[in-house]
Amino acid sequence: MTTNSSHGIRSMIRQSLITGAAALALLSVAATSCTDLTIEPKSTLTDANVFNDPGSYKGFLARVYSGLAVSGQRGADGRPDISGIDEGFSQYLRLLWEAQELPSDEAVIGWGDVGLPEMNTQTWAVTNSFVVAMYYRIYFQVGMANEFLRQTTDDKLDARGVTGTLRTEIATYRAEARFLRAFSYWHGIDLFGDIPLLTETDPLGSTPPTQATRKEIYDFIVSELTAITGSLPSPGAATYGRATPAAAQMLLAKVYLNAGVYTGTPNYAGALTAASAVINSPYSLDANYRRIFSADNNSSPEIIFAIPQDGLKTQTWGGVTFLVHASCGGSMANATYGIDGCWWGIRLKPQAYNAFAAGDGRRSFFVTSGQSVNITSIGDFTHGVAAPKFTNVTTGGAPGSHATHVDTDFPVFRLADAYLIYAEAQLRGGGGAATQALTYVNALRQRAYGNASGNISATELTLPFVLAERQRELLWEGHRRTDLVRYGQFTGGSYIWAWKGGTAAGTATDPKYNLYPIPANELIANPNLKQNPGY
Amino acid sequence: MRPRRFVRNTLPALLALFPAVAFGQGGTIRGHVTGKTAGQPLPGVTVSFGSRLTQTRSDGQYVLGNITGRDSLRFRVIGYAPVARLVTLTAGQTTDVDVTLDAQAVALAEMVVTGYGEQRAGNITGAVTQVSADQFNTGRIVSPQELIRGKVPGVQVVDQNEPGGGISVRIRGTTSVNASSEPLYVIDGIPIGTGAGGGLSAGRNALNFLNSDDVETITVLRDASAAAIYGANAASGVVLIQTKTGKGRPQVTYTTSGSASSITRRPSMLTADQFRVAVTTYAPQNVTQLANANTDWYDQISRTGAGQDHNLSVTGSTPSANWRVSGGFLRQDGIIRGSSTERVSLDLNFSQRLLDDRLEVRVTEKGSRNLDQFTPGGVLSNAAQMGPTQPIHNAATTTGYYDWPGNTLQSPDNPLAVLALAKDRGTTYRNIGGVQTSYMMPFLAGLQANVNLSYDVARTDRQTFFPSVLHGQLKSGQRGSDYRANQSQTNSALETFLDYTTQPLFFPGAIDLTAGYSYSQSNAEYPSYLATGLSTDLLRGNGVTTALTTQNVEDVQESRLISFFGRFNYNYNDRYLLGASVRRDGSSRFGTGNQWGVFPALSLGWRLSEEGFFRGMSSVSDLKLRASWAKTGNQAFANYQQYATYVLGDAQTRAQFGSDYVTTIRPSAYDPNIQWESTKATDIGLDFGFWNQRLTGALDWYDKKTDNLIFTVPVAAGTNLSNYLTTNIGSMKNRGLELSVGMPLLQKKRGVDWSVQFTVAKNDNELTSINPVFGTNAQAQRILTGLVSGGVGTFIQVLQPGQPVNSFFVYQHRFANGKPVFKEGAGADTAMYVDQNGDKVLNQDDRVPFHSPSPKLMLGHTSNIGYRGFDLSFTMRAYMGNYVYNNVSSNLGTYSEVTRASPYNLHASVLETGFKTPQYLSDYYVEDASFIRMDNISLSRGFNYRQQPIRAHVTIQNAFTSTDYSGVDPTAGLNGLDNNIYPRSRTYSAGLTVRF
């Protein structure tokens, strides 16, 4: 018994030593690791390291630009910028085009996607997905530009030791970011009226902002553009795709032309001056009208500001990819347009088709075979003349680099528009010379007809003529709604077109549709906002 | 006595640091406790001698050391009559005392696995259900979750019908919108995954690595107080799975089964004749495209699925060790061609006791390889869409299969060409293992230290290949695609805890204290490669093909969870029970300032049947009232949400600057303060047992409120870097009732034994708010969800305060003569649908929430009937109030589908509705999918062949389903969207179990 017991004690001691050692070891493991919960991302850049690479400034600015061209960070869809809508639908240009063209007399789209049919007929709801997405796209751009400006303040650059050429380049980048912000704010007040004004001085994640008036934002756009024009990169092949001083002047011209709508006080003189500045910049009318909408339109001398696309390098389901595919259907052969298939979507409303005279070369691409002029069923692609204005084929006839995603860039601003702004501003008393206006208009007519047969006389140059000529020259380029609003014809009964108000023949519509509604969700997320009248 | 008092009073925390040597001289009592009827060893019996106390181990053995004197040696365990023996012990003496206990209500004595320990079923104060192997569902079982379907009240097991397909489990409803609502799985004490769910897999159910033949018990911690010991991972409930261990003499068991599955219901598409009539009437321009075949495309893609399952296990034990080694092979073909699953698995459990049985080491090791073949994408939808008048083959095409002429986007693909030429497969290797050591401290009886080390390594290979010659590739312009993802994940955990059981001197009752620390880390990599526009199809995805575009993705995901936890259980004579626990969790997923969360729980139990006033009522064998409150968390959301990250664009999203294409960098919207979702839950329950537990059951009422939901909500435009931000906002509630009853219906009546079990569960889910800041306006806040086929970006469901999560969001169709109204032309929309806001315009503002996919009531029934050596069992299940959106019907139930460039086949609903344009948002397609289903009928019989026991069984799964739902299956999928889902099978299987 004694031996047994002493053996037991020894083993107990041994055991407790083992236990103690094990417990101590565990506690020390616990003590060293228990406070460390920080695991930083490894396969993603963070604010802690992104600007250690000087190239990141350019990459960030490029993202502000690409907000107009792509919808996310991976291929044509993937890692989307905004949520709540199909990513392909969410692309800036596609939404802008739909907001400007579908409710006007120019286009219908045949698809039944939720919210889309109402865009054809001026009957959208405050929750309309396309209206909502347009609003958020505008503020996505504003948010990106503001954050770029926040990240490139002198203080931040000093702190990161940025000097020399990079510092100079960043100064240019900042001007470009401000241009892009002003560009989107213009769409904001044009489509939605009174909206919040957020700048880089508002901290990220701030409380809901107050609503600015249309005029306050108009003033902001004007002062920003005035301030940055001199700092933007000069035009040329090396800066294609970027905003030049001429782009800023063009934006000013557009904003001034519509000043009466935005502020109640017109500024046609400002529009004429800005348009003249553009005209005096190194751009010229493209002798080949069709080149402006072809896969090699980056070589067109007429384009002042483009949203570049590339079949391999800049892919999207929106933009010109959408325009080329959706314009194709019926008996049309997709290969003709350099694409792999038709989407059977958009056609002309009869009023737009009828606006073109027989000799006008700007209708040469219309497809009437197998299509009717009148539209009895919007869902049927063969109702309405097809208008494949944009193609993925070069002027030499070669298809683009990719059959789904096109190479064709979108001409946001081009010289012809500046000519027509000059003419309209002149007619509206903005100064300038009537003969000059006529020359500009006839330059476009001559290109369209291939000779002087389409030229007009001084007495024929009237405001209604300019509006009609804008439709012919700039058809489906995303200007129509703004133009009709400026002429007071977009809503109401002064001008009725097919499917306006929801009937095949068209009816008068409520003037509330001159503005899109502030999205219903936005009114909840930001209780400071007041809905537009009538909604 | 002084040193001992010191040790006891300062409690275990200090003990690990100061293992004071405090041994006196004394005697030892040891012995073996068994149950009287079966002679089985009884574990966990409290053995006390004076103030000294211990419990019997799993083999019924106990040792009480270092005691002297004369006192009663008491044996007590719930469910058995207590026993006392007078023992006199002198120093240095060793006495053996073996006892047998009389059973009173055995079920109460059953050990139930709880987090970090075990408890007697009768002493549990939370809502916990343990299902053991003999109660499991039988037949063709690929995934362990299928074992308990219909067996536990309030637990919804939703599969996707594919063999081994993904399984979702909802315990007491959905608790989250954007984080996972899957429960936490703990297998043999090892928490799986990185929060909730089963971890990494190549696309099928992640728990398929576990051979269900190896499972001994599955315990569901339904209420928050029981689950709360798992803190930030517990909000969706916890499922504890224990695998089998070796018992008794060495034994070899072989089980095998074979099965055949066939399709039960298929979508109602038009026949060739009906299709021809539709095309002739509504799209005469397309008639010339029609051929004269009569092809049933669904017949062509489906088949009888064969299955086989083999398991061989070797088990055994010695007085100080036990082991079980098993190997399994399972193969199951799906009823749709191209789908199958195959598993090779190995499971090892070894347990050894050392150092006078004080130290127990248990090693577990589970490894498996799962090989999954998937039906390539588009086969099911194209089988529905492909014209039945068209032939299968066409010798003139590149593929040899017929396709509609032209490569227009407006025609379906031949599903048989896809089946023959495309491939989609995944391989998952997984290995989970651990070493669990527990050590009974020699200087203080009842104190046990536990250290568990575990790891979970998974590696997957998912591969899809679509050759460029496929019609679908030609028409979409993708021109061949090759995708490969090689994901890997390594999780490791250290868990250490002390457990102290005692009956203190200074007050009555027994206490059980647990305190621990847990550290777990997950490292994962998700690289993938996608190439489109393949230069050749010859390599079939096995090599790198030159491609027009390639996308390479690498994603590193790491996370860490560090926890401290403690639990206090108090038991006064099995009459008054109290449980309290607290867990403090720190997670790398939480933002600065929110890194630690505290999750407390309190539960009380009062066994009324132990009270004097119940003593007289001999029919009442158990009556226990329970009440609990707890707070649990959910951290099953993405890593790194609190960081300001910048996302690099890929090569296809560059921006053109002159001739330069610049790779872009996008800052992401983020919330630096992201934290856990928090669920506070109350549960009131009653456990009852009558006539010596012949009739037993439990009734529970619960109320769960989840706050700080991880929600992706719209933010004021321009204030952040996107229009939606993932943040902690919004709340949800689930409230319900659960009842389970088990009883014998017949006992040895003309040789028949028949026992039945019923479960009833009712749950009401409501999203109470999305953004509470905006007060009453919050009612108007809506987030669309539930993407369906038909148009682009068509969402059929809504998240809206005051409604159940994922309520359908539809126009209210007007009906005439029992049919939905259809009109065309101006004013048609308001003639067809109710203009809810009366503004004379029908648009998105007129949609209303309408029912939801969650069942309001779930009923389960199991019967076990024994007759002359035959055992017949069946399991039935019924859901009531669950709705499904029939997307096949809404997408293809319109004549406009035949007017496409090449006509699509139509859903037969068009014969009733006559729709000529699609009506995706009509409530007509939201169907009541309530059903009753005979899930399982099994007949088995045991017999001896040359003295070897053999058991044979035949089983029918999904014998019948009765429902008004018109689609293929009212139960597939959690979200209530039926868009060409995999159809449900009826499975016949037969099997044998042989023991040597």
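This is a predicted model: local features need pLDDT of at least 70, side-chain atom pairs count only at pLDDT 80 or more; totals for chains, interfaces and linings use all residues.
Colleague: How many residues does chain A bring to the contact with chain B?
Modeller: The predictor gives the complex an ipTM of 0.92 and a pTM of 0.88. The contact takes 90 residues from chain B, and from chain A 110 residues.

Colleague: Which element gives the most to the side of chain B that touches chain A?
Modeller: The residues on that side of chain B divide into 43 nonpolar, 37 polar and ten charged. The element that gives the most to it, with five residues, is strand β29 (residues 556–572) of chain B.

Colleague: Where does T46(A) find its opposite residue in β33(B)?
Modeller: Strand β1 (residues 45–46) of chain A and strand β33 (residues 645–648) of chain B run antiparallel and are joined by two bridges. L45(A) stands opposite Y646(B). For T46(A), the residue opposite in β33(B) is T645(B).

Colleague: Why is one side of β1 of chain A left without a neighbour in the sheet?
Modeller: The open sheet has three strands in the order β1(A)-β33(B)-β36(B), paired antiparallel. β1 of chain A and β36 (665–667) of chain B stand at the edges, so one side of each has no neighbour in the sheet: each has a single partner strand.

Colleague: Is R750(B) buried or exposed?
Modeller: R750(B) lies in the loop between β41 (731–749) and β42 (752–769) of chain B. R750(B) has 6 C-beta neighbours inside 10 Å, so it counts as exposed.

Colleague: What is the radius of gyration of chain B?
Modeller: The secondary structure of chain B comes to twelve helices and 56 strands. For its 996 residues the globule rule gives 30 Å; chain B is close to this, so it is as compact as a globular protein of that length, with a radius of gyration of 31 Å.

Colleague: What share of the residues of chain B count as buried?
Modeller: The C-alpha trace of chain B spans about 105 × 70 × 60 Å along its principal axes. Among contacts in chain B between residues at least 6 apart in sequence, 69% join residues at least 24 apart. Of the 996 residues, the share that count as buried is 53%.

Colleague: Over which residues of chain B is the pLDDT below 50?
Modeller: Chain B averages a pLDDT of 89, and 96% of the residues score at least 70. One stretch has 34 contacts in the model beyond near neighbours in sequence, yet its pLDDT is below 50: residues 1–24.

Colleague: What span should helix α15 (residues 434–449) of chain A have at 1.5 Å a residue?
Modeller: The buried residues of α15(A), including L438(A) and V441(A), pack against α14 (415–427) and α16 (463–474) of chain A. Just after the helix, G450(A) takes a positive phi of about 80°. The end C-alpha atoms of α15(A) are 22 Å apart, which agrees with the span that its 16 residues should have, 22 Å.

Colleague: How many of the 23 residues of α5(A) are buried?
Modeller: Helix α5 (residues 129–151) of chain A reaches 32 Å from its first C-alpha to its last, close to the 33 Å expected at 1.5 Å a residue. α5(A) is mostly covered, and of its 23 residues the number buried is 20.

Colleague: What is the bridge partner of D372(B) in β23(B)?
Modeller: On one side, β22(B) pairs antiparallel with β21(B) over 15 bridges, where T341(B) stands opposite D372(B). β22(B) is also joined by 15 bridges to strand β23 (residues 423–440) of chain B, again antiparallel. In β23(B), D372(B) has as its bridge partner G426(B).

How values were computed:
Residues are numbered from 1 along each chain as its sequence is written. Chains are lettered from A and ligands numbered from 1 in the order in which they are written. Two residues are in contact if their C-beta atoms, placed from the backbone, lie within 7 Å. Helices (H or I, at least four residues) and strands (E, at least two) are DSSP runs, numbered from the N terminus. Ala, Val, Leu, Ile, Met, Phe, Trp, Tyr, Cys and Pro count as nonpolar, Asp, Glu, Lys and Arg as charged, and the others, Gly among them, as polar. Two strands pair if DSSP finds at least two bridges between them. A residue is buried if 20 or more other C-beta atoms lie within 10 Å of its own, exposed if 12 or fewer, and partly exposed in between; C-beta atoms are placed from the backbone. The radius of gyration is taken over C-alpha atoms; the globule rule is 2.2 Å times the number of residues to the power 0.38. The expected span of a helix is 1.5 Å times one less than its number of residues. pLDDT is the predictor's confidence in each residue, from 0 to 100.
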